[in-house]
Structures are given as structure tokens and as C-alpha cells.
Amino acid sequence: MDNKQKTVLIIGAGKEAVTGITQAKEMGYTVYVSDGDLNAPGIAYADGFIQASVYDPQETRQAILGHDCRDKIDGVLAIACDAPVTVSTVAKALNLDSHSVETATVATHKLLMKQAFHKAGIPTPWFRAVESIGHLRHLIQKEQKVLVLKPVDSRGSRGVLRLLPDISHEEITWAYELSVSYSGAKQLIVEHWMDGPQLSTESVIWDEESQLVAVADRNYDQLENHAPFIMENGGNTPSVHSPQIDLDLNEIIAAASKAIGLQRGTVKGDVVIGPEGPVVIEIAARLSGGYFCTHTIPKVYGVNLIKAALEICTGQKPDFAALKPQIRCVQGNRHLFLKEGVIKSVQVSSELVDHSDVAIFKLNIKSGDKIEKATDHTQRHGVVMTFCETRKKAVELAERCIDSVDIVYG
Ligand SMILES: Nc1ncnc2c1ncn2[C@@H]1O[C@H](COP(=O)(O)OP(=O)(O)O)[C@@H](O)[C@H]1O
Ligand SMILES: [Mg+2]
């Protein structure tokens, strides 16, 4: 069966999935999308739509089983949407290839994931489950180190806080309550903060084979301004540490995937280079967001990762030779975070918006909006992505775009 006869279900039709949906269509797939939001931007590009919350596996399963597409679907995947349990649950109900529901569950539960890493000897920061505010106070007192508090089951840096050893009694209470408010399971973990370069990776795994496709540097130079929240304000691809570190990264991501039972699929890694080498913060059993899989990887490395993900979910082994990265240019990525206030007017330079090296220049704000302090990645007020022949040019152009945003507060 060629792609023209294949039908896939993409869980999540948000704006970052749009390019993936259109790429799948261009490759000949018939594409259904599911989303809780009737106005999700990807719906217009798909052949069919099923309304169901991406974060509710049972609701999605029921909706698909009750839809006449159920017997047509050959594969299920998510693009820029962290819903592996929904993907696995639907795939299982339709008897299709996917991660097991158990693996998907561990992949979205930071405590279970860390326990699996620890058991398998994967380098990961020291961690503990936090049982209560009192227990958190005890751990802070005992460790005397910079710690990271986070919900076990959230995403997009929601509720992820960096805690300094001299944190006050009141601040601990605030941090616990804020972080736990983002946890469906009402369960937190705390980790030692790892100093060192922060990287994002993307890999393809097929049984014993693994290919590291992309390595990005994440820019945390505004960490102090966002404190205690942890928000990157962009990054660059490829990483300055690549290719020297690629063999180590490939090995550690493959081992981490194995540790959670992930056999086939795309894997996004959050990695810090510590004094003894790479340390895994977490892996995600999905394609990355932030236009990384749909824009950055094809442009920078000449690799069609969406194609590989579609092949894997429909049971075909991807062509590993075609996944080998061949660096063509450098991506510069910057996020806009604004100060609080009400926006009276906003202007951007049309010359920069239309610049041939500026691939994305999007603002999530408009006149009249009330800006609150951003507390997680999902609240960034704008994003810029440039592709240039050198790192210097890519960074400069991205920063020029961000600086050109002219906002008057009312
Ligand atoms: N222990 C840690 N040491 C250093 N940085 C960390 C640590 N934990 C989290 N971070 C940083 O915070 C980001 C968000 O935390 P993460 O655990 O990945 O949560 P999320 O699911 O919200 O992505 C990470 O990608 C990493 O950059
Ligand atoms: Mg993460």
C-alpha cells in the first residue's frame, strides 16, 4: 500500500501542527485530526475532524470508535502535542503500532520516568518525590543546593520552579502551592539543578537502531529575569557542542528510551551537559514543538522527520540513511517576553517580517491585551525563527526582529 491509500490520525490540531498536517497531505496521506477545540487551526487543513480533548485518552478513544473513520486509520501520531497516552490508547483500540500505554504513561510522569532512568543507570539529576510542604522544607534544608520543583505530570515548563537554598518559609509555601496547582495527580518532585549547557535533542528509534537527528542549544540567559520560573528565551540549531557530543547523546537517548520501554518512535530529549557528560532531564515520546520538527530540522539538517514519524506510526521502518543530519544552515530562535501592562499599540518592522531569512515572526498579542508576567513557555508573547549561513547572522537577525517589536503601553 503506498501513502495515497493510507490514512493517519493526528492527535492535536494546534497551530504548531499545521505544517505537519499539510506535509502529511503532500505525501499522499489522508489526514484526520482530533482536538477538543472546534476552532483549532489545523482542522481546516485536514480531511476530517473528530472533536475530543487531546489530554483525555478515553474521550478520544470513544470518539474515534464511534466515528466512521475508525476502520480506515493506519496510524496515529501527535505533532507538537504532548499526548502520547492518547496516541497509545487510540492505537491500541484500533490495533495499530504504537508505544504501549504503560510506556506512554511513564513518558508523561516525571517520577516514574526518573525511577526508570535510575534503575537503568541513565545519568539524571538526584530527585525525590515531594510528599507535602513540610517534606519540601525538609529536603531544601537537608540538600542545601539549588533545586528544581516540578509537577510530575505537566508540560511546557508549567509549574517548574528553581529554588535557591536560602528560600524563605513563605516562598516555599508559595512554590509548593503554585507547582501543585499544575499537577493533575497533585504530585511533585524535586531535583538538584544541573549547571551546564542546556540542549534539546530529537532522535528516531527503531528497535536497536537509533539516529540522533538534531541537537539545539537552549538559551537561558534571561533565567534571572524570569526567576523562579524557568523559561528559555530561544536557542540555536545546530548546537555549538555538536557534532563532538553527538555519539554520547545518541547513546544516552537510546538508553533512556529503552529504560522506559520505548521501542519505536521519535524521541525529544532535554539534556544538560554536566561535568561528567550529558545528563538526561527528561525524554518525551513524541515529536517536538516550537516548529522544531516541522521547520528547523528540515531546513538545518535536510531531514524529513515528519515523514519518518508517519512511516513509524503506520508500521514501516524509516530510511535511516535519510535521517543522517547534513548541516545546511543555522537556525536562530528567540522568544518575546513582555513586561506587564495594557497594550495600546503594537508594530513590527514589515521589512523584517518579509526578510527572506526570517521564517517565522509571530506575535501572540494585539492592541488592548492585558499583559501578565509570563510564568511558562506557553505564555511567550512572540516567536522569531531565522535561518542564516552563520550562527552570528542567525542570532543577530532574530534579536533584531525581537528588538523591532514596538509596543506602546496604555
Ligand atoms: N534538574 C534540572 N537541572 C537543570 N535544568 C532543569 C532541571 N529540571 C528542569 N530543568 C530545565 O527546565 C526545563 C523544564 O523542565 P522539564 O522537567 O523539562 O519540564 P516540562 O515538562 O515542563 O518540559 C527543562 O527543559 C530544563 O531546561
Ligand atoms: Mg521538558
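This is a predicted model: local features need pLDDT of at least 70, side-chain atom pairs count only at pLDDT 80 or more; totals for chains, interfaces and linings use all residues.
Within it, V342 has K370 of strand 17 as its bridge partner.

The ligand has 20 residues around it, of which K110, K150, S157, Q198 and Y220 come nearest. By residue class, the shell consists of eight nonpolar, five polar and seven charged residues. At least three residues of the shell come from domain 2 (105-109 + 195-328), and at least three from domain 3 (126-192).

For E191, a polar side-chain atom lies 2.9 Å from a nitrogen atom of ligand 1. Oxygen atoms of the ligand are approached by two further side chains: a polar atom of R218 lies 2.6 Å from one oxygen atom, and a polar side-chain atom of Y220 is placed 2.6 Å from an oxygen atom. Ligand 1 taken alone exposes 540 Å², and 96% of that area is buried by the protein. Two or more residues of the shell are given by each of strand 6 (147-151), strand 8 (188-192) and strand 13 (277-284).

Backbone geometry was considered last. Most residues other than glycine have a negative phi, and most peptide bonds are trans. Against this background, the peptide bond from A227 to P228 is cis, with omega near 0°. P228 belongs to the loop between helix 8 (223-226) and strand 11 (234-237). A cis peptide bond also links S242 to P243, here with omega near 10°. The loop that holds P243 runs between strand 11 and helix 9 (246-259).

Positive phi values occur at two residues other than glycine, Q144 and Y291. For Q144, phi is near 55°, and the residue is located in the loop between helix 6 (133-143) and strand 6. For Y291, phi is near 60°. Y291 lies in the loop between strand 13 and helix 10 (292-301). Y291 counts as buried because its relative accessibility is 5%, the cut-off for this class being under 20%.

Terms used
Residues are numbered from 1 along each chain as its sequence is written. Chains are lettered from A and ligands numbered from 1 in the order in which they are written. Side-chain values use heavy atoms; hydrogens and water are left out. A residue is near a molecule or strand if one of its heavy atoms lies within 4 Å of it. A polar contact is a pair of N or O atoms within 3.5 Å; within protein, one must be able to donate a hydrogen and the other to accept it, and residues adjacent in sequence count only if both atoms are side-chain atoms. Accessible areas come from the Shrake-Rupley method with a 1.4 Å probe; for residues, only the protein chains shown count as cover. Helices (H or I, at least four residues) and strands (E, at least two) are DSSP runs, numbered from the N terminus. Ala, Val, Leu, Ile, Met, Phe, Trp, Tyr, Cys and Pro count as nonpolar, Asp, Glu, Lys and Arg as charged, and the others, Gly among them, as polar. Domain bounds come from an automatic or database domain assignment. Two strands pair if DSSP finds at least two bridges between them. Buried means under 20% relative accessible area, exposed over 50%, partly exposed in between (1.4 Å probe, protein chains only).
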